[in-house]
Amino acid sequence: MAMATVHKWLTHFYDTKKCSNILVPLGSKGQQSMYFLHYHRPHHRCYLSMNGCREGQHQHARTRNNPVGTIETRTLAAVASPAMAMYSLNMAISELKSDALFGTSSGIVRVQVPIEEQVEAIDWLHSQNHLLLPRCFFFGRKQCSSPCCINGEEKLVSVAGVGSAVFFSQPHPFSYWDWISIRRFLSERCPLIRAYGAIRFNAKAKVSSEWLAFGSFYFMIPQVEFIELEGGSMLTITIAWDNDLSWSWENAINALQETLCKVSSSIVKFPKQTPPTLISSSQNIPSKVDWDLAVNRALQMIGQNDSLLTKVVLARSTRVVPTVDIDPLAWLSCLKVEGENAYQFLLQPPNAPAFIGNTPEQLFHRKCLHITSEALAGTRARGASQALDLQIELDLLTSPKDDIEFTIVRETIRRKLEAVCEKVVIKPEKMIRKLSRIQHLYSQLSGRLRSEEDEFEILSSLHPSPAVCGFPTEEAQLLIADAGEPENDGVHYHTRPQHSVNGARHDPSPSHQRAPPSCDGQ
């Protein structure tokens with residue numbers, strides 16, 4: 001599954017290691033981590049919101065020629081605290097009820113209140129744990145090359161949201177028309193109206209029960225959003241409506257008011273740690289014997305003269321049942337503390353488990369016509385001393401096996417970008433990127449798009465990348481799908497260690513393994 005934040009002129013996609021599913025168990029040496037948590041919130045009545053994805057080709061044609069009629073952002077006067085911001089927004093809703101927008105057929109309006117006090121977005125979201133609503137969280141890399149600024153001044157640190165002004169989800173594979181359905185609610189004039197969501201790794205594969213609520217893709221524009229800035233905070237509300245989707249302005253404003261009256265303005269800083277937890281059961285799928293057979297089979301296929309397959313990323317899942325429920329936000333806060341130079345996220349549709357993760361990888365970033373992508377492959381642990389760390393770095397830089405793996409990833413991305421860009425620049429071609437516990441081979445690619453409309457083509461061609469799937473993509477996906485995976489049995493934690501296999505010498509020792517594990521929800 002590829003995680004994403006999207007608005008009209010700036011798009012980030014993060015490859016979450018086989019994401020529909022990704023990543024690393026606690027205690028492993030991998031930096032990239034993804035967890036699937038069945039956190040038992042009390043059952044609640046059906047949550048009502050607008051699905052922005054239309055069904056049927058005739059509806060898609062209407063969508064293409066009919067963007068929402070009103071898109072605007074209103075900024076209220078700055079206040080000292082979140083409680084005062086809540087008061088301002090409640091007053092704004094009362095005024096909106098009699099607004100002239102009531103007569104328009106479709107639109108999206110954002111109302112935001114700057115807050116002088118700096119509050120962590122994850123603390124605000126934790127204070128809303130009593131809300132049984134869809135929610136999301138996003139924390140950007142500290143070394144991001146293009147940090148988002150508010151009014152050209154304060155940099156955005158993290159975002160948390162509850163409720164959905166509009167969501168986008170369907171069981172069919174993510175298509176161009178679904179992309180258009182999202183984009184019609186976005187505008188360059190309102191860059192902070194963003195959609196947060198995820199797309200399955202392989203929508204054609206069998207979906208296990210824990211992923212059913214996500215569909216083949218799930219995006220949401222939050223109803224109530226808290227933004228953490230470097231020099232302050234911001235609380236916002238968003239109203240979206242479309243009469244053609246049977247969701248009127250009145251429906252939208254009433255749903256927002258119902259959500260906002262439940263949002264807590266009392267924010268308590270919670271401990272960034274999980275409580276001591278025992279494991280009642282743990283299961284690896286496949287078993288060690290079956291895992292070895294799968295690796296050997298992949299090597300045999302790669303070695304065949306008539307085989308197109310040169311690289312495949314195999315994976316296994318670890319399903320753990322703890323003795324007590326683990327709060328996803330507590331777990332996410334631990335990842336946030338550990339992975340400062342990585343993206344952390346949470347996505348939880350209504351009546352669904354929480355999907356959380358930590359990854360340093362960025363599939364692509366677009367700002368207007370400028371696009372960048374990253375090749376990240378080959379992994380080693382960090383050394384206990386500076387001398388040992390440099391020795392491990394040299395081993396990674398000179399490893400033939402890792403060089404082949406990295407070159408496949410980098411050159412595949414380059415070819416995909418060249419199809420839609422005037423020119424692609426690779427700089428650096430290969431270097432070491434060091435994280436807190438591991439180090440990777442790394443390269444950055446950049447180019448200038450011929451057209452902003454090429455964005456969906458970029459996404460569909462780059463995802464899934466060879467780093468999380470293999471090469472060629474179709475052959476690798478077939479092999480991964482053939483391996484199969486039993487349905488989820490209701491356990492609460494789902495991760496998936498990952499192993500990259502290519503045609504070079506394969507050494508199963510830790511120094512030559514694909515260290516970051518990954519989980520798969522197929």
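Reader: Between which two strands is the loop that holds Asn-351 found?
Author: In this predicted model, Asn-351 has a positive phi of about 55 degrees although it is not a glycine. Most residues other than glycine have a negative phi. The loop that holds Asn-351 is found between β15 (343-348) and β16 (354-359).

Reader: Is Asn-351 buried, partly exposed or exposed?
Author: The relative accessible area of Asn-351 is 47%. Exposed requires over 50% and buried under 20%, so Asn-351, at 47%, is partly exposed.

Reader: Is Ser-246 buried or exposed?
Author: Ser-246 is found in the loop between β11 (232-242) and α5, and its phi is near 60 degrees, a positive value in a residue other than glycine. Its relative accessibility is 62%. Because the cut-off for exposed is over 50%, Ser-246 counts as exposed.

Reader: What is omega for the peptide bond from Phe-471 to Pro-472?
Author: Pro-472 lies in the loop between β22 (470-471) and α11 (473-483). The peptide bond from Phe-471 to Pro-472 is cis, with omega near -10 degrees.

Reader: How are α2 and α5 oriented to one another, roughly parallel or roughly antiparallel?
Author: Helix α2 (residues 82-96) and helix α5 (residues 249-260) pack with their axes 11 Å apart, at an angle of about 155 degrees. An angle over 145 degrees counts as roughly antiparallel, so α2 and α5 are roughly antiparallel.

Reader: Which residues of α5 meet α2?
Author: α2 passes α5 in a left-handed crossing. On the α2 side, the residues in contact are Met-86, Leu-89, Asn-90, Ile-93 and Leu-96. Those they meet in α5 are Trp-249, Ile-253, Leu-256, Gln-257 and Leu-260.

Reader: Leaving aside its neighbours within four places in sequence, which residues is Thr-259 in contact with?
Author: Thr-259 has its place in helix α5. With a relative accessible area of 4%, this residue is buried. Beyond its neighbours within four places in sequence, its contacts are Leu-133, Gln-223 and Val-224.

Reader: How many salt bridges does a search of the whole structure find?
Author: One of them joins the side chains of Lys-262 and Glu-258, at 3.7 Å from N to O. Lys-262 is partly exposed, at 41%, and Glu-258 is partly exposed as well, at 35%. A further set of residues, Arg-382, Asp-389, Glu-393 and Lys-434, is linked in a network of salt bridges. The search of the whole structure finds 21.

Reader: In which helix do Asp-292 and Lys-288 both lie?
Author: Asp-292 forms a salt bridge with Lys-288, and the closest N and O atoms are 2.8 Å apart. Asp-292 is partly exposed at 31% relative accessibility, whereas Lys-288 is exposed at 58%. The two residues are four residues apart, about one turn of the helix, and both lie in helix α6 (residues 288-303).

Reader: How many residues apart in sequence are the parts that Glu-455 and Arg-366 tie together?
Author: Glu-455 and Arg-366 form a salt bridge, with the closest N and O atoms 2.2 Å apart. Glu-455 lies in helix α10 (residues 455-462) and Arg-366 in strand β17 (residues 364-367), so the pair ties together parts separated in sequence by 89 residues.

Reader: How many disulfides does a search of the whole structure find?
Author: A disulfide is a covalent bond between the sulfur atoms of two cysteines. Among the residues of this chain, Cys-53 is buried, with a relative accessible area of 6%, and Cys-368 is partly exposed, with 37%. The number of disulfides found in the whole structure is zero.

Reader: What percentage of the residues in the chain is buried?
Author: The secondary structure of the chain comes to 11 helices and 24 strands. Of the contacts with a separation of 6 or more, 79% are between residues 24 or more positions apart. Among the 522 residues in the chain, the buried share is 60%.

How values were computed. Residues numbered from 1 in each chain as written. Predicted model: local features only at pLDDT ≥ 70, side-chain atom pairs only at ≥ 80, totals over all residues. Heavy atoms only, no water. Salt bridge = Lys/Arg side-chain N within 4 Å of Asp/Glu carboxyl O. Buried < 20%, exposed > 50% of the residue type's maximum accessible area, 1.4 Å probe, protein only. Disulfide = S-S within 2.5 Å. Axes fitted to C-alpha atoms, helices over the stretch in contact; angles between N-to-C directions. Parallel < 35°, antiparallel > 145°, perpendicular 65-115°, else oblique. Left-handed = near helix turned anticlockwise from the far one by under 90°. Contact = heavy atoms within 4.5 Å.
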